[in-house]
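Please keep the sequence and the structure in view.

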Amino acid sequence: MSDFDTFFHKAKDKAKDVADVAGKKTNELVNLSKLKLQEMQIGRKIRSLYEQLGRATYQLHKNSFENEELISSLEDEIAEQLDAQAVVDDKLCDMKNQVSCPCCHAKNSKNAVYCSSCGNQLKDEFADFVENEPEEPAPEAEPEKTEEE
Ligand SMILES: [Zn+2]
């Protein structure tokens, strides 16, 4: 193999590596935007279902009708969409290195011990070593100067 061939092969391998990395990055971005779009669509669907449920309830109540079937079918649809939303949410959190608070659904860093929004404990404080700012001891109060009058 001539020097040129070796050089050429090396250059080609390198180009392939770069392409692979770029491909991975692009895939991640595509997945992220796909998930974001899904999240948006599901959110819109849920809002519309809530609206339908509210309108149906209002109309039925106003006219003293009862339509258990309509209400429960809307409720089922909402529950289904909420489940789908939770799945998408989980994936999104994972990609962004975040966790969703089980209490208020606020997004927190994976390292967070407490929810930044509601203070709910997200994990055991000593579950793993987390690099936090060392807690500084409260500065000692300066002794009051006793001035002679
Ligand atoms: Zn919370």
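In this predicted model, helix α2 covers residues 68-95 and has 28 residues. From its first C-alpha to its last, the helix reaches 41 Å, which is close to the 40 Å expected at 1.5 Å a residue. As a general point for reading such an element, an α-helix has 3.6 residues a turn, so residues three or four places apart point the same way.

Just after α2, the backbone at Asn97 adopts a positive phi of about 60°. Strand β1 comprises residues 98-100, and Gln98 is found in it.

Which residues does Gln98 contact once its neighbours within four places in sequence are left aside? They are Cys93, Lys107, Asn108, Ser109 and Lys110. For one of these contacts, Asn108, the C-alpha to C-alpha distance to Gln98 is 5.4 Å, although the two residues are ten apart in sequence.

The wider setting can now be described. The secondary structure of the protein consists of two helices and two strands, and along the sequence these follow the pattern α-α-β-β. Of the 149 residues in the protein, 4% are buried. When contacts between residues at least 6 apart in sequence are considered, 31% join residues at least 24 apart.

Definitions and conventions: Residues numbered from 1 in each chain as written. Predicted model: local features only at pLDDT ≥ 70, side-chain atom pairs only at ≥ 80, totals over all residues. Helix = DSSP H or I, 4+ residues; strand = E, 2+ residues; numbered from the N terminus. Buried ≥ 20, exposed ≤ 12 C-beta atoms within 10 Å, placed from the backbone. Contact = placed C-beta atoms within 7 Å. Expected span 1.5 Å × (residues − 1).
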